[in-house]
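Subject: Structure handover

Hello,

The sequence and structure are placed below for you to open. After them come my notes on what was found.

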Amino acid sequence: MIMTNFKVSLKDILFILNDQLDYGSLCALPRYKGLNAKALDMTVNEAAVFAKKIVDPLQAIGESQGVTLKNGNVSCADEFIDAFRRYADNGWIAAARDPEYGGQGFPHMMRIVVNDLMYGACQSFNMAPSLTHGAAHLIETFASGELKKKFVPQCYNGNWTGTMCLTEADAGSNLAGIRTTAFPDGDQFKIKGTKTFISWGDHDLAENIIHLVLARIDGAPAGVKGISLLIVPKIRVHDDGTLGSGNDVRCISIEKKLGLHASPTCTLEFGSKDNCIGYLCGKKNMGLAHMFQMMNSARINTGVSGMSIASTAYLNALAYTKNRSQGKDICGRTKEDVPIINHPDIRRMLLWMKASVDGMRSMIYTGAFWSDLAYELEDGDEKNHYKHLVDFITPIIKAFCSDTGFRVCETAIQCLGGYGYCKDFPLEQYLRDVKIMSLYEGTNGIQSIDLMGRKMTIAGGAPFRAFTQEIVTFCQKNKTHPALGKNIKSLENAFNEVFRTVLEINELKKTDPVHWGANTYPALLCFGELIMVWRLLDMAIISQRLSDQTRTNNFYIGKILQATWYTDITLPHTITKIRSCLRKGREIAEMPEGAF
């Protein structure tokens, strides 16, 4: 019998979606005419059932069977093939895409909610449909009408899958060093090069794989300004949409990794026989700008993965602590051994995990809600405001939630003691699987440089101003709250300290770039903590109101207590951390290499 361990609290999810965000209000936008909150809730519930019934069993199957490479082709477990077909047939790949190409037409944020459930059930598996969605959406956005018709519907219906092919052996974070070349050949290109670390780069889930490849057209300028985006199918596609012969794309190796053993991470060789063709997607030499649509989506989904794996890890730890009896009650209320959830240190860890998961989920869903407004509002100041908010929060979601997700999994293991370290329980696999999230799509250090560099300064600092407006408005509105006002004033004070300090830190970019670069990551963490406190306190205010209406309700009490506790134990560290970024010591810059 296959072991299943995925746990999720739909009540927590729907509280954020309905009570905190009122995501049904999106249905007033013209694109979602005909939808309502009830239809959105039904979709969330259906996704949860699918995740538990179909995707959850794949976590154990994939870990035990992994993937195999033979004669340049990767094979997956049969159960993965069947699950992928069901996933596609149920419409989950294109739930948030336009019906014109086979989408379901749901709000953009529904893709995030679906991924929350599917990643938590089996991260290895859900990467395949998620990448397929991203690749097809990229083609839908930038390619010619002919290429859209040829490739997009087949990806959205799951007949084909998609990948993003950026990294090369000597061009990881620095994509300016890309050597893969596209040689003009009529209205197409001959592709030659090798790409590494390509997730789901080869497999047998579908009959074709559509690679989105960054390459330099022969003769193009050096650096990132000479990079183009090309559509390169594994199997050639005739004009009538039928499949032809192989396209000289070959998997030459798969990585042996710490986790995600069922997700094939491939090295792909394009054009070893000089017979690999590709099609330009978008404009020449604009490949990196085009690819950023998929990359930013992938960065957000990396944060989703960190949060969703943390969520099921926390809930598994919670269930264990309720059932495991060990040790006496510290207050002597009984002579018998008590469930370990009664021990204060266990309760401390559980409360931190609960608040972390709820805060991260609210942070991510809020960003997803903003993205719908940024996409679908009419042009104007309000639309621009939400665009700036999405720009600002994207690196924070990616970095903060991936790192915190790992810490939650680590803490969940601690709650189980020695059993948490053993394969009898799912937590050690969650820990191994989630670690990659801080490395994917630009390491978290790179995200912090993006936040403190570009995102603080683009459009005259508009993203930072938009974020400031949200925090200031919340604090001004709620700091006299009879029950939570003290905590909200603490948030206001901490934000003011961070606001002043980051402006000083950014002055160092001009005068002392090493000192600036060494402190971008601590600054990102401070922003992440501020957002966590903000979202938790917002949920607490709502819960206070609902609790007053329903008298006693443990669900609402939990929301209130997690917010007050997390605020009080987090913000003092936030203030100390941001202040430390301006200390005068320059050890990081002055440390001799030989002294490390």
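A term first: helices here are DSSP runs of at least four residues, numbered from the N terminus. Please also keep in mind that this is a predicted model.

The chain as a whole

The secondary structure comes to 17 helices and 14 strands. Along the principal axes, the C-alpha atoms fill a box of roughly 80 × 60 × 60 Å. A compact globule of 596 residues would have a radius of gyration near 25 Å, and the chain agrees with this because its own value is 24 Å. Of the 596 residues, 59% count as buried. If you take contacts between residues at least 6 apart in sequence, 74% of them join residues at least 24 apart.

The second largest pocket

The volume of the second largest pocket is about 610 Å³. There are 21 residues in its lining, and those closest to the centre are Tyr314, Leu318, Leu351, Lys354 and Gly558. Helix H7 (287-323), helix H8 (344-376) and H16 are the elements that give two or more residues to this lining. Which of them gives the largest share of the lining? That is H8, with 7 residues. Sorted by class, the lining of this pocket has 10 nonpolar, 5 polar and 6 charged residues.

Helix H16 spans residues 554-580 and also holds Thr574. Is Thr574 buried or exposed? Its relative accessibility is 0%, so Thr574 counts as buried. Apart from neighbours within four places in sequence, Thr574 is in contact with Val498, Cys526 and Glu529.

The cavity

The structure holds 1 cavity of 30 Å³ or more. The volume of the largest cavity is about 40 Å³. Its lining includes Leu58, Gln59, Gly62 and Glu63, and among the other lining residues are Phe80, Cys122, His261 and Gln429. Helix H2 (residues 37-65) supplies the largest share of this lining, 4 residues. By class, the lining of the largest cavity divides into 5 nonpolar, 5 polar and 1 charged.

Strand E4 (residues 181-185) pairs with two strands described here. With strand E5 (residues 188-199), E4 pairs in the antiparallel sense over 5 bridges, and Asp185 stands opposite Gln188 in E5. The hairpin of E4 and E5 has 2 residues between the strands, and Gly186 in this hairpin takes a positive phi near 70 degrees. With strand E6 (residues 208-217), E4 pairs in the parallel sense over 2 bridges. Here Thr181 stands opposite Arg216 in E6.

Two residues to look at

Trp200 is found in the loop between E5 and E6. Trp200 is not a glycine, yet has a positive phi of about 55 degrees. At 1% relative accessibility, Trp200 counts as buried, because the cut-off for buried is under 20%.

Asp22 lies in the loop between helix H1 (10-20) and H2. Asp22 is not a glycine either, and its positive phi is about 55 degrees. How exposed is Asp22, and what is its relative accessible area? The area is 44%, so Asp22 is partly exposed.

Regards

How values were computed. Residues numbered from 1 in each chain as written. Predicted model: local features only at pLDDT ≥ 70, side-chain atom pairs only at ≥ 80, totals over all residues. Heavy atoms only, no water. Buried < 20%, exposed > 50% of the residue type's maximum accessible area, 1.4 Å probe, protein only. Contact = heavy atoms within 4.5 Å. 1 Å grid on protein atoms, 1.4 Å probe; cavity = no way out; pocket = protein on both sides within 12 Å on 5 of 7 lines; lining within 4 Å. Points joined across faces, edges and corners; volume = space filled by probe spheres on them. Nonpolar A, V, L, I, M, F, W, Y, C, P; charged D, E, K, R; others polar. Pairing = 2+ DSSP bridges. Rg over C-alpha atoms; globule rule 2.2 N^0.38 Å.
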